Amino acid sequence: ANMAAAASDLLTGWCLFGLALLAILIFCWVYVRKYQSRRESEVISTITAIFALAVALITSALLPVDIFLVSYMKNQNGTFKVWADANVSRQIEDTVLYGYYTLYSIILFCVFLWIPFVYFYYEEKEEDDGNTCSQVKTALKYTLGFITICAVLLLIGAFVPLDIPNKKNSTEWEKVKLLFEEFGSSHGLTALSFSISSLTVIGMLAAITYTAYGMSALPLNLIKGTTSAAYERLENTEDIEEVEQHLLRIKSKCRDGRPLSSRDRRTLKQLEERLRTLRRRERHLESIEKSWWTKFCEAIRPLKIVWGVFFIIVALLFTVSLFLSNLDKALHSAGFDSGFIILGTNLTNPLNMLLPVLQRVFPLDYILITTIVMYFIFTSMAGIRNMGIWFFWIRLYKIRRGKTRPQALLFLCMILLLIVLHTSYMIYSLAPQYVMYGSQKYLVQVRCNSFILLLFPFILDQCIVTRTYLFLHKFWFFSAAYYFGNWAFIAVFLIGLIVSCCKGKKSVIEGEVDEDDSDMSDDELSVYYH
(Lines give C-alpha, C1' and ligand atoms only; values in the text may rest on other atoms or scores of the structure.)
Protein backbone atom coordinates (compact mmCIF):
# COMPACT_ATOMS: atom_id res chain seq x y z
CA ALA A 1 0.00 0.00 0.00
CA ASN A 2 2.84 2.34 0.88
CA MET A 3 4.62 1.52 -2.36
CA ALA A 4 1.40 2.11 -4.33
CA ALA A 5 0.88 5.46 -2.59
CA ALA A 6 4.47 6.45 -3.30
CA ALA A 7 4.12 5.41 -6.95
CA SER A 8 0.89 7.41 -7.22
CA ASP A 9 2.56 10.49 -5.72
CA LEU A 10 5.51 10.17 -8.08
CA LEU A 11 3.16 9.76 -11.07
CA THR A 12 1.29 12.88 -10.00
CA GLY A 13 4.59 14.69 -9.67
CA TRP A 14 5.66 13.68 -13.18
CA CYS A 15 2.29 14.83 -14.58
CA LEU A 16 2.69 18.21 -12.88
CA PHE A 17 6.25 18.39 -14.20
CA GLY A 18 4.97 17.71 -17.73
CA LEU A 19 2.35 20.44 -17.44
CA ALA A 20 4.96 22.86 -16.07
CA LEU A 21 7.28 22.00 -18.98
CA LEU A 22 4.49 22.68 -21.47
CA ALA A 23 3.69 25.99 -19.77
CA ILE A 24 7.39 26.98 -19.89
CA LEU A 25 7.61 26.23 -23.63
CA ILE A 26 4.44 28.24 -24.34
CA PHE A 27 5.72 31.18 -22.28
CA CYS A 28 9.10 31.12 -24.05
CA TRP A 29 7.43 31.10 -27.47
CA VAL A 30 5.14 34.02 -26.56
CA TYR A 31 8.01 36.00 -24.98
CA VAL A 32 10.36 35.59 -27.93
CA ARG A 33 7.66 36.31 -30.50
CA LYS A 34 6.62 39.40 -28.52
CA TYR A 35 10.04 41.04 -28.68
CA GLN A 36 11.62 39.76 -31.89
CA SER A 37 11.68 41.94 -34.98
CA ARG A 38 9.08 40.97 -37.58
CA ARG A 39 11.33 42.09 -40.44
CA GLU A 40 14.53 40.42 -39.21
CA SER A 41 13.14 37.27 -37.61
CA GLU A 42 14.89 34.04 -38.59
CA VAL A 43 13.77 30.48 -37.93
CA ILE A 44 17.08 29.25 -36.51
CA SER A 45 17.58 32.24 -34.19
CA THR A 46 13.96 31.99 -33.00
CA ILE A 47 14.28 28.28 -32.20
CA THR A 48 17.62 28.88 -30.47
CA ALA A 49 16.22 31.71 -28.34
CA ILE A 50 13.13 29.71 -27.34
CA PHE A 51 15.19 26.62 -26.49
CA ALA A 52 17.81 28.56 -24.47
CA LEU A 53 15.14 30.47 -22.56
CA ALA A 54 13.29 27.22 -21.81
CA VAL A 55 16.50 25.60 -20.53
CA ALA A 56 17.08 28.58 -18.25
CA LEU A 57 13.59 28.34 -16.74
CA ILE A 58 13.69 24.53 -16.40
CA THR A 59 17.09 24.70 -14.69
CA SER A 60 15.82 27.31 -12.24
CA ALA A 61 12.84 25.05 -11.42
CA LEU A 62 15.14 22.12 -10.57
CA LEU A 63 16.20 23.59 -7.20
CA PRO A 64 12.71 23.37 -5.59
CA VAL A 65 12.32 19.85 -7.04
CA ASP A 66 15.66 18.80 -5.54
CA ILE A 67 14.71 20.14 -2.12
CA PHE A 68 11.28 18.49 -2.27
CA LEU A 69 12.65 15.05 -3.17
CA VAL A 70 15.17 14.86 -0.30
CA SER A 71 12.45 16.04 2.11
CA TYR A 72 9.79 13.67 0.77
CA MET A 73 11.84 10.57 1.65
CA LYS A 74 11.50 11.18 5.41
CA ASN A 75 8.55 11.27 7.81
CA GLN A 76 7.77 14.13 10.16
CA ASN A 77 9.13 12.10 13.10
CA GLY A 78 12.59 11.99 11.50
CA THR A 79 12.50 8.39 10.24
CA PHE A 80 12.77 7.32 6.61
CA LYS A 81 9.60 6.22 4.85
CA VAL A 82 9.09 2.52 4.28
CA TRP A 83 9.68 2.67 0.55
CA ALA A 84 12.74 4.96 0.90
CA ASP A 85 15.37 2.30 1.55
CA ALA A 86 19.01 2.75 0.64
CA ASN A 87 18.59 1.61 -2.97
CA VAL A 88 15.52 3.77 -3.66
CA SER A 89 17.11 6.81 -2.04
CA ARG A 90 20.24 6.27 -4.08
CA GLN A 91 18.20 5.97 -7.29
CA ILE A 92 16.37 9.22 -6.56
CA GLU A 93 19.64 10.99 -5.76
CA ASP A 94 21.19 9.68 -8.98
CA THR A 95 18.14 10.72 -11.01
CA VAL A 96 18.36 14.30 -9.71
CA LEU A 97 22.14 14.31 -10.22
CA TYR A 98 21.73 13.12 -13.81
CA GLY A 99 19.13 15.86 -14.27
CA TYR A 100 21.73 18.42 -13.20
CA TYR A 101 24.33 16.76 -15.43
CA THR A 102 21.96 16.97 -18.40
CA LEU A 103 20.79 20.55 -17.89
CA TYR A 104 24.23 21.91 -17.02
CA SER A 105 25.73 20.12 -20.01
CA ILE A 106 23.04 21.66 -22.22
CA ILE A 107 23.89 25.08 -20.75
CA LEU A 108 27.57 24.55 -21.59
CA PHE A 109 26.55 23.47 -25.11
CA CYS A 110 24.36 26.57 -25.55
CA VAL A 111 26.83 29.07 -24.08
CA PHE A 112 29.98 27.77 -25.77
CA LEU A 113 28.71 26.33 -29.07
CA TRP A 114 25.14 26.80 -30.21
CA ILE A 115 24.42 30.44 -29.32
CA PRO A 116 27.87 31.75 -30.41
CA PHE A 117 27.60 29.91 -33.74
CA VAL A 118 24.11 31.24 -34.52
CA TYR A 119 25.14 34.75 -33.39
CA PHE A 120 28.26 34.91 -35.55
CA TYR A 121 26.38 33.32 -38.47
CA TYR A 122 23.85 36.18 -38.53
CA GLU A 123 26.52 38.79 -37.92
CA GLU A 124 28.34 37.47 -40.98
CA LYS A 125 25.08 37.23 -42.92
CA GLU A 126 24.53 40.98 -42.61
CA GLU A 127 27.95 41.62 -44.18
CA ASP A 128 27.83 38.90 -46.83
CA ASP A 129 24.36 37.94 -48.10
CA GLY A 130 25.50 35.71 -50.90
CA ASN A 131 27.79 32.89 -49.77
CA THR A 132 26.22 30.64 -47.11
CA CYS A 133 29.28 28.39 -46.98
CA SER A 134 31.50 31.36 -46.20
CA GLN A 135 29.14 32.45 -43.43
CA VAL A 136 29.24 28.98 -41.82
CA LYS A 137 33.04 28.83 -42.01
CA THR A 138 33.46 32.25 -40.42
CA ALA A 139 30.94 31.43 -37.68
CA LEU A 140 32.73 28.15 -36.94
CA LYS A 141 36.07 29.96 -36.80
CA TYR A 142 34.86 32.36 -34.11
CA THR A 143 32.94 29.62 -32.27
CA LEU A 144 36.12 27.56 -32.06
CA GLY A 145 37.45 30.10 -29.56
CA PHE A 146 34.48 29.48 -27.24
CA ILE A 147 34.92 25.71 -27.58
CA THR A 148 38.58 26.06 -26.63
CA ILE A 149 37.64 28.01 -23.49
CA CYS A 150 35.11 25.32 -22.53
CA ALA A 151 37.68 22.55 -23.04
CA VAL A 152 40.24 24.39 -20.90
CA LEU A 153 37.73 24.85 -18.08
CA LEU A 154 36.75 21.16 -18.17
CA LEU A 155 40.39 20.05 -18.12
CA ILE A 156 41.24 22.34 -15.21
CA GLY A 157 38.24 21.12 -13.25
CA ALA A 158 38.95 17.48 -14.06
CA PHE A 159 42.63 17.29 -13.19
CA VAL A 160 43.24 19.99 -10.58
CA PRO A 161 42.96 17.98 -7.34
CA LEU A 162 41.00 19.31 -4.42
CA ASP A 163 42.78 17.23 -1.80
CA ILE A 164 46.16 15.66 -2.65
CA PRO A 165 47.77 13.60 0.12
CA ASN A 166 51.14 14.93 1.19
CA LYS A 167 53.45 12.02 0.39
CA LYS A 168 57.07 12.99 0.02
CA ASN A 169 58.07 9.60 -1.43
CA SER A 170 55.38 9.50 -4.14
CA THR A 171 56.62 9.56 -7.73
CA GLU A 172 55.35 11.81 -10.51
CA TRP A 173 53.55 8.82 -12.10
CA GLU A 174 51.75 8.11 -8.82
CA LYS A 175 50.62 11.73 -8.66
CA VAL A 176 49.29 11.57 -12.25
CA LYS A 177 47.62 8.24 -11.49
CA LEU A 178 45.96 9.83 -8.45
CA LEU A 179 44.55 12.62 -10.64
CA PHE A 180 42.94 10.10 -13.01
CA GLU A 181 41.59 8.04 -10.10
CA GLU A 182 40.07 11.17 -8.57
CA PHE A 183 38.52 12.11 -11.90
CA GLY A 184 37.06 8.61 -12.26
CA SER A 185 35.70 8.48 -8.72
CA SER A 186 33.89 11.79 -9.16
CA HIS A 187 32.38 10.68 -12.51
CA GLY A 188 33.27 14.06 -14.02
CA LEU A 189 31.39 15.97 -11.31
CA THR A 190 34.42 18.10 -10.42
CA ALA A 191 35.12 19.02 -14.05
CA LEU A 192 31.53 20.00 -14.68
CA SER A 193 31.36 21.82 -11.34
CA PHE A 194 34.45 23.90 -12.15
CA SER A 195 33.10 24.86 -15.58
CA ILE A 196 29.67 25.71 -14.19
CA SER A 197 31.21 27.67 -11.30
CA SER A 198 33.29 29.69 -13.78
CA LEU A 199 30.14 30.57 -15.70
CA THR A 200 28.36 31.28 -12.41
CA VAL A 201 30.90 34.01 -11.65
CA ILE A 202 30.01 35.63 -14.98
CA GLY A 203 26.34 35.11 -14.10
CA MET A 204 27.00 36.86 -10.80
CA LEU A 205 28.28 39.94 -12.67
CA ALA A 206 25.18 39.85 -14.90
CA ALA A 207 22.93 39.52 -11.82
CA ILE A 208 24.65 42.50 -10.18
CA THR A 209 24.13 44.54 -13.35
CA TYR A 210 20.64 43.53 -14.46
CA THR A 211 18.82 41.64 -11.69
CA ALA A 212 19.66 44.07 -8.89
CA TYR A 213 18.35 46.95 -11.00
CA GLY A 214 15.33 44.95 -12.20
CA MET A 215 14.32 44.14 -8.61
CA SER A 216 13.89 47.87 -7.93
CA ALA A 217 12.70 49.07 -11.35
CA LEU A 218 10.00 46.44 -12.01
CA PRO A 219 7.91 46.99 -8.83
CA LEU A 220 8.13 50.78 -8.93
CA ASN A 221 7.21 50.87 -12.63
CA LEU A 222 4.13 48.77 -11.85
CA ILE A 223 3.16 51.07 -8.98
CA LYS A 224 3.77 54.37 -10.82
CA GLY A 225 2.39 53.22 -14.17
CA THR A 226 2.87 55.11 -17.44
CA THR A 227 1.78 58.49 -18.71
CA SER A 228 -1.48 58.83 -20.59
CA ALA A 229 -1.30 58.28 -24.34
CA ALA A 230 -3.71 61.19 -24.93
CA TYR A 231 -1.58 63.55 -22.84
CA GLU A 232 1.58 62.47 -24.66
CA ARG A 233 -0.12 63.03 -28.03
CA LEU A 234 -1.00 66.58 -26.99
CA GLU A 235 2.59 67.32 -25.97
CA ASN A 236 3.91 65.67 -29.12
CA THR A 237 1.61 67.80 -31.30
CA GLU A 238 2.93 70.94 -29.64
CA ASP A 239 6.52 69.79 -30.26
CA ILE A 240 5.72 69.16 -33.94
CA GLU A 241 4.29 72.65 -34.36
CA GLU A 242 7.33 74.18 -32.67
CA VAL A 243 9.78 72.29 -34.90
CA GLU A 244 7.81 73.16 -38.05
CA GLN A 245 7.90 76.84 -37.17
CA HIS A 246 11.65 76.67 -36.56
CA LEU A 247 12.10 74.98 -39.94
CA LEU A 248 10.11 77.72 -41.68
CA ARG A 249 12.25 80.42 -40.08
CA ILE A 250 15.47 78.79 -41.32
CA LYS A 251 14.12 78.13 -44.84
CA SER A 252 12.91 81.74 -45.10
CA LYS A 253 16.55 82.83 -45.05
CA CYS A 254 17.19 81.42 -48.53
CA ARG A 255 14.04 82.63 -50.29
CA ASP A 256 15.96 85.41 -52.06
CA GLY A 257 18.46 82.89 -53.44
CA ARG A 258 21.15 83.23 -50.80
CA PRO A 259 22.72 79.95 -49.68
CA LEU A 260 22.39 78.84 -46.05
CA SER A 261 25.40 78.91 -43.78
CA SER A 262 26.96 75.62 -42.70
CA ARG A 263 25.53 76.10 -39.20
CA ASP A 264 22.01 76.61 -40.57
CA ARG A 265 22.37 73.54 -42.82
CA ARG A 266 23.37 71.41 -39.81
CA THR A 267 20.46 72.81 -37.78
CA LEU A 268 18.08 72.20 -40.68
CA LYS A 269 19.17 68.57 -40.96
CA GLN A 270 18.78 68.02 -37.22
CA LEU A 271 15.32 69.59 -37.21
CA GLU A 272 14.18 67.44 -40.14
CA GLU A 273 15.35 64.29 -38.31
CA ARG A 274 13.62 65.53 -35.17
CA LEU A 275 10.40 66.15 -37.12
CA ARG A 276 10.46 62.62 -38.59
CA THR A 277 10.89 61.16 -35.10
CA LEU A 278 8.02 63.25 -33.70
CA ARG A 279 5.69 62.21 -36.54
CA ARG A 280 6.67 58.59 -35.95
CA ARG A 281 5.85 59.05 -32.27
CA GLU A 282 2.52 60.54 -33.29
CA ARG A 283 1.63 57.44 -35.31
CA HIS A 284 2.70 55.12 -32.51
CA LEU A 285 0.77 57.06 -29.87
CA GLU A 286 -2.32 57.02 -32.07
CA SER A 287 -2.04 53.23 -32.49
CA ILE A 288 -1.59 52.68 -28.77
CA GLU A 289 -4.44 55.01 -27.83
CA LYS A 290 -6.87 53.08 -30.04
CA SER A 291 -5.63 49.58 -29.17
CA TRP A 292 -7.65 47.18 -27.02
CA TRP A 293 -4.48 46.28 -25.10
CA THR A 294 -4.18 49.82 -23.71
CA LYS A 295 -7.81 49.76 -22.56
CA PHE A 296 -7.23 46.37 -20.92
CA CYS A 297 -4.13 47.65 -19.09
CA GLU A 298 -6.08 50.64 -17.80
CA ALA A 299 -8.80 48.29 -16.50
CA ILE A 300 -6.32 46.17 -14.51
CA ARG A 301 -4.39 49.17 -13.16
CA PRO A 302 -5.34 48.39 -9.51
CA LEU A 303 -4.08 44.83 -9.95
CA LYS A 304 -0.75 46.16 -11.24
CA ILE A 305 -0.37 48.30 -8.12
CA VAL A 306 -1.04 45.26 -5.91
CA TRP A 307 1.58 43.25 -7.84
CA GLY A 308 4.04 46.13 -7.56
CA VAL A 309 3.62 46.30 -3.77
CA PHE A 310 4.00 42.51 -3.54
CA PHE A 311 7.18 42.57 -5.67
CA ILE A 312 8.78 45.36 -3.65
CA ILE A 313 8.05 43.43 -0.42
CA VAL A 314 9.69 40.33 -1.90
CA ALA A 315 12.67 42.42 -3.03
CA LEU A 316 13.12 43.96 0.42
CA LEU A 317 12.76 40.54 2.09
CA PHE A 318 15.36 39.16 -0.30
CA THR A 319 17.80 42.04 0.25
CA VAL A 320 17.51 42.12 4.06
CA SER A 321 17.96 38.35 4.24
CA LEU A 322 20.99 38.52 1.94
CA PHE A 323 22.51 41.32 4.04
CA LEU A 324 22.11 39.41 7.31
CA SER A 325 23.44 36.23 5.75
CA ASN A 326 26.53 38.02 4.44
CA LEU A 327 27.00 39.80 7.77
CA ASP A 328 26.86 36.40 9.49
CA LYS A 329 29.62 35.15 7.21
CA ALA A 330 31.72 38.25 7.82
CA LEU A 331 31.47 37.84 11.59
CA HIS A 332 31.54 34.07 12.10
CA SER A 333 33.23 32.42 9.10
CA ALA A 334 36.87 31.32 8.94
CA GLY A 335 37.61 34.06 6.41
CA PHE A 336 38.75 34.32 2.83
CA ASP A 337 40.73 31.05 2.72
CA SER A 338 37.60 29.06 3.57
CA GLY A 339 35.40 30.87 1.05
CA PHE A 340 33.50 32.52 3.95
CA ILE A 341 31.60 29.26 4.51
CA ILE A 342 29.93 28.81 7.89
CA LEU A 343 28.36 25.72 9.44
CA GLY A 344 25.05 26.71 10.93
CA THR A 345 23.32 30.05 11.26
CA ASN A 346 24.29 32.59 13.92
CA LEU A 347 22.28 35.57 12.67
CA THR A 348 18.74 34.63 11.73
CA ASN A 349 17.34 36.33 8.62
CA PRO A 350 13.63 36.73 7.75
CA LEU A 351 13.68 34.00 5.10
CA ASN A 352 15.31 31.49 7.47
CA MET A 353 12.64 32.30 10.05
CA LEU A 354 9.79 32.06 7.53
CA LEU A 355 10.68 28.72 5.95
CA PRO A 356 10.35 26.57 9.13
CA VAL A 357 6.95 28.17 9.80
CA LEU A 358 5.73 27.46 6.27
CA GLN A 359 6.91 23.83 6.49
CA ARG A 360 4.01 23.08 8.81
CA VAL A 361 1.56 23.54 5.93
CA PHE A 362 2.57 21.60 2.82
CA PRO A 363 3.62 22.87 0.27
CA LEU A 364 3.94 26.53 1.32
CA ASP A 365 7.73 26.39 1.77
CA TYR A 366 8.21 25.03 -1.75
CA ILE A 367 5.86 27.67 -3.12
CA LEU A 368 7.98 30.37 -1.44
CA ILE A 369 11.24 29.00 -2.82
CA THR A 370 9.73 28.64 -6.30
CA THR A 371 8.34 32.19 -6.08
CA ILE A 372 11.74 33.62 -5.15
CA VAL A 373 13.48 31.70 -7.96
CA MET A 374 10.95 32.78 -10.60
CA TYR A 375 10.94 36.34 -9.24
CA PHE A 376 14.71 36.37 -9.64
CA ILE A 377 14.33 35.30 -13.29
CA PHE A 378 11.57 37.75 -14.21
CA THR A 379 13.30 40.72 -12.56
CA SER A 380 16.40 39.79 -14.56
CA MET A 381 14.29 39.94 -17.73
CA ALA A 382 12.94 43.32 -16.64
CA GLY A 383 16.43 44.64 -15.94
CA ILE A 384 17.75 43.54 -19.34
CA ARG A 385 14.68 44.96 -21.07
CA ASN A 386 14.99 48.35 -19.35
CA MET A 387 18.76 48.75 -19.63
CA GLY A 388 19.49 47.01 -22.91
CA ILE A 389 22.62 44.95 -23.52
CA TRP A 390 25.89 46.73 -22.76
CA PHE A 391 29.58 45.96 -23.11
CA PHE A 392 31.10 48.18 -20.46
CA TRP A 393 30.03 51.72 -21.53
CA ILE A 394 28.99 50.72 -25.07
CA ARG A 395 25.33 49.84 -25.67
CA LEU A 396 25.19 46.90 -28.08
CA TYR A 397 21.47 46.21 -28.39
CA LYS A 398 18.08 47.35 -27.18
CA ILE A 399 15.24 45.02 -26.19
CA ARG A 400 12.03 46.42 -27.68
CA ARG A 401 8.63 44.96 -28.46
CA GLY A 402 8.45 43.76 -32.02
CA LYS A 403 11.82 45.32 -32.92
CA THR A 404 14.51 43.25 -31.19
CA ARG A 405 17.16 41.92 -33.54
CA PRO A 406 17.98 38.18 -33.56
CA GLN A 407 21.46 38.82 -32.14
CA ALA A 408 19.98 40.77 -29.21
CA LEU A 409 17.59 37.92 -28.38
CA LEU A 410 20.49 35.48 -28.41
CA PHE A 411 22.45 37.75 -26.07
CA LEU A 412 19.42 38.04 -23.78
CA CYS A 413 19.02 34.26 -23.56
CA MET A 414 22.74 33.73 -22.91
CA ILE A 415 22.67 36.30 -20.09
CA LEU A 416 19.62 34.60 -18.57
CA LEU A 417 21.36 31.21 -18.72
CA LEU A 418 24.29 32.65 -16.79
CA ILE A 419 22.04 34.39 -14.25
CA VAL A 420 20.11 31.15 -13.64
CA LEU A 421 23.37 29.45 -12.68
CA HIS A 422 23.94 32.13 -10.04
CA THR A 423 20.37 31.82 -8.71
CA SER A 424 21.07 28.58 -6.83
CA TYR A 425 23.93 30.17 -4.89
CA MET A 426 21.83 33.25 -4.09
CA ILE A 427 19.11 31.04 -2.61
CA TYR A 428 21.76 29.06 -0.73
CA SER A 429 23.13 32.30 0.73
CA LEU A 430 19.67 33.13 2.06
CA ALA A 431 18.83 29.72 3.56
CA PRO A 432 21.92 27.45 3.53
CA GLN A 433 20.60 24.64 5.73
CA TYR A 434 17.24 24.54 3.96
CA VAL A 435 18.89 24.31 0.53
CA MET A 436 21.14 21.50 1.82
CA TYR A 437 18.53 19.40 3.63
CA GLY A 438 15.06 20.77 2.91
CA SER A 439 12.56 20.01 5.67
CA GLN A 440 14.27 16.80 6.84
CA LYS A 441 14.34 15.95 10.55
CA TYR A 442 16.49 13.47 12.39
CA LEU A 443 16.57 11.61 15.70
CA VAL A 444 19.40 11.79 18.23
CA GLN A 445 19.51 9.08 20.87
CA VAL A 446 20.31 10.56 24.28
CA ARG A 447 19.37 7.58 26.47
CA CYS A 448 17.93 4.12 26.02
CA ASN A 449 14.68 4.21 23.99
CA SER A 450 14.55 7.99 24.20
CA PHE A 451 14.86 10.27 21.21
CA ILE A 452 14.87 14.01 20.62
CA LEU A 453 13.49 15.41 17.35
CA LEU A 454 15.66 18.11 15.79
CA LEU A 455 15.24 20.36 12.75
CA PHE A 456 17.81 21.41 10.10
CA PRO A 457 20.52 18.82 10.81
CA PHE A 458 24.18 18.63 10.00
CA ILE A 459 24.36 14.84 10.36
CA LEU A 460 25.24 13.34 6.99
CA ASP A 461 24.55 9.71 7.91
CA GLN A 462 20.92 10.42 8.85
CA CYS A 463 19.98 13.03 6.26
CA ILE A 464 20.33 13.26 2.50
CA VAL A 465 22.10 16.29 1.03
CA THR A 466 20.56 17.92 -2.04
CA ARG A 467 22.43 17.47 -5.29
CA THR A 468 22.46 21.25 -5.68
CA TYR A 469 24.91 21.57 -2.82
CA LEU A 470 27.39 19.28 -4.57
CA PHE A 471 27.82 21.86 -7.34
CA LEU A 472 28.11 24.89 -5.04
CA HIS A 473 31.14 24.40 -2.81
CA LYS A 474 33.68 22.33 -4.68
CA PHE A 475 36.11 25.24 -4.87
CA TRP A 476 36.54 27.71 -2.01
CA PHE A 477 37.72 30.60 -4.20
CA PHE A 478 34.42 30.64 -6.09
CA SER A 479 32.57 30.85 -2.76
CA ALA A 480 34.74 33.83 -1.80
CA ALA A 481 33.90 35.52 -5.11
CA TYR A 482 30.18 34.93 -4.50
CA TYR A 483 30.50 36.46 -1.02
CA PHE A 484 31.89 39.75 -2.35
CA GLY A 485 29.40 39.61 -5.22
CA ASN A 486 26.53 39.56 -2.71
CA TRP A 487 27.73 42.84 -1.20
CA ALA A 488 27.94 44.40 -4.68
CA PHE A 489 24.42 43.10 -5.44
CA ILE A 490 23.00 44.78 -2.33
CA ALA A 491 24.74 48.07 -3.17
CA VAL A 492 23.46 48.11 -6.78
CA PHE A 493 19.92 47.27 -5.61
CA LEU A 494 19.89 50.22 -3.19
CA ILE A 495 21.26 52.58 -5.85
CA GLY A 496 18.68 51.33 -8.36
CA LEU A 497 15.91 51.76 -5.77
CA ILE A 498 16.88 55.39 -5.16
CA VAL A 499 17.12 56.11 -8.91
CA SER A 500 13.77 54.43 -9.62
CA CYS A 501 12.08 56.41 -6.84
CA CYS A 502 13.43 59.71 -8.19
CA LYS A 503 12.43 59.02 -11.80
CA GLY A 504 8.98 60.03 -13.00
CA LYS A 505 6.45 57.93 -14.87
CA LYS A 506 7.62 56.11 -17.95
CA SER A 507 6.36 57.07 -21.35
CA VAL A 508 3.68 54.79 -22.73
CA ILE A 509 6.01 54.18 -25.71
CA GLU A 510 9.22 54.08 -23.68
CA GLY A 511 12.05 52.84 -25.92
CA GLU A 512 9.70 52.12 -28.84
CA VAL A 513 10.72 55.07 -31.03
CA ASP A 514 14.32 56.06 -31.78
CA GLU A 515 15.81 58.45 -34.30
CA ASP A 516 17.64 55.60 -36.04
CA ASP A 517 14.39 53.67 -36.68
CA SER A 518 13.12 53.42 -40.24
CA ASP A 519 9.58 54.24 -41.23
CA MET A 520 9.02 50.52 -41.88
CA SER A 521 9.33 49.93 -38.13
CA ASP A 522 5.96 51.63 -37.70
CA ASP A 523 4.35 48.65 -39.41
CA GLU A 524 5.87 46.30 -36.83
CA LEU A 525 4.30 48.14 -33.91
CA SER A 526 0.92 48.42 -35.63
CA VAL A 527 0.99 44.66 -36.20
CA TYR A 528 1.77 44.14 -32.52
CA TYR A 529 -1.07 46.34 -31.25
CA HIS A 530 -3.65 45.29 -33.81
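Which residues in helix 8 are buried? The legends below take up this point along with other close-up views of the predicted model.

**View 1. Helix 8 and its buried positions.** Helix 8 covers residues 262-290, 29 residues in total. From first C-alpha to last, helix 8 reaches 43 Å, close to the 42 Å expected at 1.5 Å a residue. Buried in helix 8 are Asp264, Leu268, Leu271, Leu275, Thr277, Leu278, Arg280, Glu282, His284, Leu285, Ser287 and Ile288.

**View 2. Salt bridge between arginine 281 and glutamate 232.** The structure holds three salt bridges. In the one shown here, the closest N and O atoms of arginine 281 and glutamate 232 are 3.2 Å apart. Arginine 281 belongs to helix 8 and glutamate 232 to helix 7 (residues 229-251), so that distant parts of the chain, 49 residues apart, are linked. Glutamate 232 is buried, with a relative accessible area of 7%, whereas arginine 281 is partly exposed at 21%.

**View 3. Salt bridge between glutamate 282 and arginine 233.** The closest N and O atoms of this pair are 3.1 Å apart. Glutamate 282 lies in helix 8 and arginine 233 in helix 7, so the bridge ties together parts 49 residues apart in sequence. Glutamate 282 counts as buried because its relative accessibility, 17%, falls below the 20% cut-off. Arginine 233 has a relative accessible area of 24% and is partly exposed.

**View 4. Salt bridge between glutamate 244 and arginine 279.** The N to O distance between these side chains is 3.0 Å.

**View 5. Phenylalanine 489 in the largest nonpolar core.** This core has 111 residues, of which Leu53, Phe318, Ile384, Leu417, Ile427 and Phe489 touch the most other members. Leaving aside residues up to four places away in sequence, phenylalanine 489 touches Ala207, Ile208, Thr211, Ala212, Met215, Phe318, Leu322, Phe376 and Met426. Another core, of nine residues, lies apart from the largest one and includes Ile240, Val243, Leu260 and Leu275.

**View 6. Serine 134 and tyrosine 121.** Serine 134 is found in helix 4, residues 132-159, and is partly exposed at 24% relative accessible area. Tyrosine 121 is 13 residues away in sequence, with a C-alpha to C-alpha distance of 9.5 Å.

View 7. The mean pLDDT of the chain is 76, and 76% of its residues reach 70 or more. Over residues 164-170 the pLDDT is below 50, and this stretch has five contacts beyond near neighbours in sequence. Residues 446-458 also stay under 50, with 34 contacts beyond four places in sequence.

Methods:
Residues are numbered from 1 along each chain as its sequence is written. This is a predicted model: local features need pLDDT of at least 70, side-chain atom pairs count only at pLDDT 80 or more; totals for chains, interfaces and linings use all residues. Side-chain values use heavy atoms; hydrogens and water are left out. pLDDT is the predictor's confidence in each residue, from 0 to 100. Contact means heavy atoms within 4.5 Å. Helices (H or I, at least four residues) and strands (E, at least two) are DSSP runs, numbered from the N terminus. Buried means under 20% relative accessible area, exposed over 50%, partly exposed in between (1.4 Å probe, protein chains only). A nonpolar core is a set of buried Ala, Val, Leu, Ile, Met, Phe, Trp, Tyr and Cys residues joined through side-chain atoms within 4.5 Å. The expected span of a helix is 1.5 Å times one less than its number of residues. A salt bridge is a side-chain nitrogen of Lys or Arg within 4 Å of a carboxyl oxygen of Asp or Glu.
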